[in-house]
Each structure stands twice: as C-alpha cells, then as structure tokens.
Amino acid sequence: MEEKKITLEKTLDTKQVASFLRLLADELEGKSSFEGNEFGWQLHGFNKLKIGLIKKEGGHLSLRLKIKDSGTAPPAPPSEFTDIAEQEYRPFKQIIKSTFALLTSCANQGRLPSPELLVNFMDQSRKLIAFKDFGDIYYDEYWQTCQAMEHEVNKGVLTGFQEKLAAITDLKKSCHHRFK
C-alpha cells in the first residue's frame, strides 16, 4: 500500500499539550481511541510519528506532528488544521529566497536594485510577515529594516542599501537559527 505523509501543527497552551500527550499515551496502550478526540486527529495505522514542541512567548507551545501512515487508515486532518507550513509557507519561502538572492547580488556588485525588484521584495515581505507562528517575534524588526532599506534605495544611497540588507540577513539568520 502507498505510504502517506502528513504534518499537523497547532499552537496550544500547556494544559492542551498535556491533554494531547495523555491521549496519545492511552492510545498507544490501547486504552482509548483517537477517533472523536478533541483534536480531530486520527493516528491509527501510523508507521512513524514525530512530535515536536516549540515554546512560544506567552506560555504557549507549538505542537507539530509528522505522521507516516501505512495507508490502512489514512489520517484525515480537519480543514482547521490545514498544513500551512507544507502547502503555503515553505513554497513561498523559496520564492522570497530567490528574490533576496537577487538583492544580495546587487549589493555584492555595488549597485542598487531595480525599482521592480525592490517592489517585488517589499510585496513578498508583506506576505511573509502575515504568516502567523513562523517567527512572529522578528516580524516588526524585519519589516522596519525592510522599510529602511527601501528608503535608502529610493534616496539612491548604495551604502545604506548594503547596510540595511546586511541587517536583514542577520535577522533572517537569527530567526532561522531559532525556529528551524
């Protein structure tokens, strides 16, 4: 049978995470069934299950499940658990990554980016900071730095553009180091 992979992610408080882990333990011991649980997740038939917990500000946790299913009973996440990371965020990150590489190339060649490239990057950055739970704590500083870079480019200041791009690079590295 065909093996299916699915990723589920949700931000929960500590009590909800504890409840989920208890439910999982009961399921593994055969004491209960995941069907009809408060999370709406079905785990029967899995070959591999990875659980990830990331502490968020405000006492919440991001719970991520990666499931490889044998195909006997495929897990069916409800629409509220749409896998934003796999379906939207990661593909989008590849797009903005290539745009950022073009900006970096301009800076390394000692030239300002074209107005079209800058507008494209700013539009992509607006979309980036609209994703929730993907490094939100960096979004304000990131957006302010992007706007400062845009201002330097519009003024025609190459060194200002290069400095702001370097600052964005540092923010990106910090965010990726913390959340990857």
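Of the 180 residues in the protein, 36% are buried, where buried means under 20% relative accessible area, exposed over 50% and partly exposed in between (1.4 Å probe, protein chains only). The model is predicted, so local features need pLDDT of at least 70 and side-chain atom pairs pLDDT 80 or more, while totals for chains, interfaces and linings use all residues. Residues are numbered from 1 along each chain as its sequence is written, and side-chain values use heavy atoms, with hydrogens and water left out.

Biologist: In what pattern do helices and strands follow along the sequence?

Modeller: The protein has five helices and three strands. These are DSSP runs numbered from the N terminus (helices H or I, at least four residues; strands E, at least two). Read along the sequence, the pattern is β-α-β-β-α-α-α-α.

Biologist: How far does H1 reach from its first C-alpha to its last?

Modeller: H1 covers residues 14-28, which is 15 residues. The expected span is 1.5 Å times one less than the number of residues. For H1 that gives 21 Å, and the model is close to this, with a reach of 21 Å.

Biologist: Within what arc do the buried residues of H1 fall?

Modeller: Val-17, Phe-20, Leu-23, Leu-24 and Glu-27 are the buried residues of H1. Their directions from the helix axis to the C-beta atoms define the arc. Seen down the axis, these residues line one face of the helix, because they fall within an arc of 125°.

Biologist: Which residues are exposed on the other side of H1, and which residue follows the helix?

Modeller: On the other side of H1, the exposed residues are Lys-15 and Arg-22. The residue after H1 has a positive phi, near 80°, and is Gly-30.

Biologist: At the start of H1, which residue has a side-chain oxygen that reaches the backbone nitrogen of Lys-15?

Modeller: The oxygen comes to within 3.1 Å of that nitrogen. The side chain that carries this oxygen belongs to Asp-13.

Biologist: How far apart are the C-alpha atoms of Phe-20 and Leu-63?

Modeller: Phe-20 sits in helix H1 and counts as buried, because its relative accessibility is 0%. Phe-20 and Leu-63 are 43 residues apart along the chain. Their C-alpha atoms are separated by 9.6 Å.

Biologist: How much accessible area does the nonpolar patch with Leu-53 have?

Modeller: Leu-53 lies in strand E2, residues 46-55, and is partly exposed because its relative accessibility is 41%. A patch takes residues with over 30% relative accessible area and no salt bridge, joining like charges within 9 Å and nonpolar side chains (Val, Leu, Ile, Met, Phe, Trp, Tyr) within 5 Å. Areas come from the Shrake-Rupley method with a 1.4 Å probe, and for residues only the protein chains shown count as cover. Together, Leu-21, Ile-51 and Leu-53 have about 230 Å².

Biologist: How many salt bridges does a search of the whole structure find?

Modeller: Side chains of opposite charge can pair when their charged atoms come close. A salt bridge is a side-chain nitrogen of Lys or Arg within 4 Å of a carboxyl oxygen of Asp or Glu. The number found is two.

Biologist: What is the N to O distance between Asp-123 and Arg-126?

Modeller: Asp-123 and Arg-126 are three residues apart in helix H3 (residues 115-128), so about one helical turn separates them. Asp-123 is partly exposed at 43% relative accessible area, and Arg-126 is partly exposed at 42%. Their side chains meet in a salt bridge with an N to O distance of 2.8 Å.

Biologist: Within what arc do the buried residues of H3 fall?

Modeller: In H3, Leu-117, Leu-118, Phe-121, Met-122, Gln-124, Ser-125 and Leu-128 are buried. They line one face of the helix, because seen down its axis they fall within an arc of 165°.

Biologist: Is Glu-152 buried or exposed?

Modeller: Lys-155 and Glu-152 meet in a salt bridge (3.8 Å, N to O). They are three residues apart in helix H4 (residues 136-155), so about one helical turn separates them. Lys-155 is exposed at 51% relative accessibility. Glu-152, at 14%, counts as buried.

Biologist: How far apart are the C-alpha atoms of Glu-57 and Asp-136?

Modeller: Glu-57 is in the loop between E2 and strand E3 (60-69), and is exposed because its relative accessible area is 57%. Along the chain, Glu-57 and Asp-136 are 79 residues apart. Their C-alpha atoms are separated by 9.8 Å.

Methods. Polar contact = N/O pair within 3.5 Å; in protein donor to acceptor, adjacent residues only side chain to side chain.
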